[in-house]
Amino acid sequence: MKYRLTAFFLIISILYSHLSMPASAYGEAGIETEMSAADTVLTLPEYQNWLSGWQAQSATATGNIILTPGADESCMNFSWYSEQTGTPAVRLSTDSNFSTYKTFAGVSTAVSRSNGTILYQTANHVSVEKYLKSGYTYYYQYTENYNSAQADWSGTFSFKCPDSSSVTAILAGDPQIGASGNISADAYNWNQTLERAVLKAPDASFLLSAGDQVNYKTDDDSLGIRESEYAGFLYPPQLRSIPVAAAIGNHETKGTDYKYHFNNPNSEDNYGATPSGCDYYFSRGNALFIVLNSNSRKITAHRKLMKKAVEAHPDSKWRIVLMHHDIYGSGTMHSNRTSANLRTIFAPLMDEYNIDVVFSGHDHSYARSYSMLDGTSIRYPGNTVTNPAGTTYFSLGTSSGSKMYGLAASKQFYVAERSNQPLPTFSILSVKKDSLTVKTYDSKGAPYADTFTIVKTKTKSNPLPAIKKAANLKKTGYTKSSYKKLSNTLSNFTGLFQTTKTDKGATQIASYYRTAEDPLSYYGYAAGTTDALPDGFSTLLDKTRQSCTSITSSAFTKSYHEVAAARKKLKKTTLKVNLPKKGKKALKSGTTLTLKKGARLRLKITATPARYKISCTSGARKYVSINKKGVILAKKKTTPRKSSKKNTVPVTIRFQNRVIKLMVRVR
């Protein structure tokens, strides 16, 4: 109680100072443990007025229908709980009077879910596929007894299918209804945030929620707490019109409620599954959205889902990932512990699949990273960057303010901006043809962070594989001078950017997930640690905790372009040695030639570029000689010698970095 009262007075003080500041004020606040916005609303008249409506609907709100994005713009998914079991269906019309409509039947799953007042028996899922058209407003009604003679249709709701030329989405971090200890207050703050968000983005196509929609995380829920919290999450009326793509948070991963409340697209393969659900993806306009269940440490499963998503949408210009854990966040609770450990699993995937941005939560504080590539921070100047290498990571804070944390004592090298003013927050994502913009606000609509924009004028690619390919080129195929230039530029690049070697720690984390040997113990799946993994365990983790490498974008770009230019200017060489007889194949190194004493053999040597000299040498001139024209003279019989038990003499033809060595035997 003492800590809660202290937090109460401190948050009042901070809120007062916030209100007296200019509307654009935001930044870092000193929060020693945690705060809750719930403490500040209990006596507000607005809350008291809202409370009566909530109390009248709190029990039934658990069964509220919720929309989730379909696989693309022509699809939409629906899900809701019901007290009875039947055939669920949704009917759609472009006319609010339903003069004409089309009905879509779905599937029901038997469940037993209580919120302490109502026992829900069924989870209903309905999917509308390849039917919707951009620019239309659709009205819908739903029922769970479609096959009944007396089908009881719901009231009428609506949603708009926006134009796909651009995409606008609301971003929410950790609503975590119930975390304050007061479900009603958290639901109110969540409702207020969504109201403000819709005012800021009235054309939003959907909502991305970065996990921990609810707080209760224990397997056993005999009191129905989790479903009471879901009632708070599902209560806002905006969710009857705006689809929600939600990630699975650590507070949801052990229960199965999530997978019944949400009807996610492209999840049939069950990649990255925990009891709550799995990975999925969908597309909108020129953007591909991949939602990962970061509670799963099966990197192979996540890779399969991402590969499938990218191959299904090869022309998507923007690739966006949503997951719960902020692997490059800055909160005091997780950023240097649990989230940092998961960096070993997820950061390489973002590099591999050229992900533009990652949105996450978990730390209940806002942070934006610099462009991160293989654990290195590439610092692009300003808040508008063009064609950046690497991935930008956002930690979205908390959209209900149910639980707000402090920031890590030291700002990490990868953090471009962070803020934890104790207010609920939301962000607006705008994706256009050549730009992606994120604007972040507090629940009052005031800016909470700098506006950040990525401009893309060319296809994004990870430059590191090109560097690796250049480094693996064999010098034998190129002229000395051109290869030396490449070697020098590679040396400069590696001096600037240290690439991660094989990460055995990441392999161990993935291989031992949910076994007795699991080095981590997140969310009750093993008996490992929740602390930071020790130094030496993971190459990438060590790099981001010890080396902490930051480089300017100009230095990185210059060094990379120098490598690319040097590789492009490589001059290829050829060297062939043939016997004078026509039709003979070129001689390979190691070929043995046998000559009689006194015999001569003129080799046919061709090489390009012709302007460079060819060198011919003998390993024992008193036995065998060769002149610069390639004429071999057999001088003396080659018998095994003390210095060499071989009875052959090496003859070497050199051209730039190419070498062909023939063995000559004289009899």
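I take two strands as paired if DSSP finds at least two bridges between them. Helices (H or I, at least four residues) and strands (E, at least two) are DSSP runs, numbered from the N terminus.

**Entry 1: the model**

I am reading a predicted model, in which local features need pLDDT of at least 70, side-chain atom pairs count only at pLDDT 80 or more, and totals for chains, interfaces and linings use all residues. Residues are numbered from 1 along each chain as its sequence is written, and side-chain values use heavy atoms, with hydrogens and water left out.

I looked up an open sheet of seven strands with mixed pairing, and I noted its order as 12-11-10-24-25-26-20. Strand 12 (244–246) and strand 20 (384–386) are at the edges with a single partner strand each, so one side of each has no neighbour in the sheet. From one strand to the next the twist averages 20 degrees; axes here are lines fitted to C-alpha atoms, for helices over the stretch in contact, and angles run from 0 to 180 degrees between N-to-C directions.

Inside this sheet I followed strand 24 (residues 425–431) and strand 25 (residues 435–442), which run antiparallel and are joined by seven bridges. S430 has T437 of strand 25 opposite. Helix 3 (residues 183–200) packs on the sheet and touches strand 10 (167–172), strand 11 (206–209), strand 24 and strand 25. The direction of helix 3 makes about 30 degrees with that of strand 24. Contact means heavy atoms within 4.5 Å.

I then turned to another open sheet, with four strands in the order 5-4-8-9 and antiparallel pairing. Strand 5 (102–105) and strand 9 (157–160) are its edge strands, each pairing on one side only. Neighbouring strands in this sheet are turned against each other by 30 degrees on average, direction ignored. Five bridges pair strand 4 (residues 89–93) with strand 8 (residues 137–143) in the antiparallel sense. I find A89 opposite T143 in strand 8.

**Entry 2: helix 7**

I checked helix 7 (residues 338–352), which has 15 residues and reaches 22 Å from its first C-alpha to its last. That is close to the 21 Å expected at 1.5 Å a residue, where the expected span is 1.5 Å times one less than the number of residues. Helix 7 bends by about 50 degrees at T344, and the proline P348 follows within four residues. The bend at a residue is the angle between axes fitted to the seven residues ending there and the seven starting there. Buried means under 20% relative accessible area, exposed over 50%, and partly exposed in between (1.4 Å probe, protein chains only). Just after helix 7, I noted a positive phi of about 50 degrees at N354.

**Entry 3: T398**

Where does T398 lie? I found T398 in the loop between strand 21 (392–396) and strand 22 (404–405). T398 counts as buried because its relative accessibility is 2%. Leaving aside neighbours within four places in sequence, its contacts include G173, D174, H364 and L423. A210 is 188 residues away along the chain, yet its C-alpha is separated from that of T398 by 9.4 Å.

**Entry 4: the whole protein**

I count 12 helices and 36 strands in the protein. The C-alpha trace spans about 115 × 60 × 50 Å along its principal axes. Of the 667 residues, 57% count as buried.
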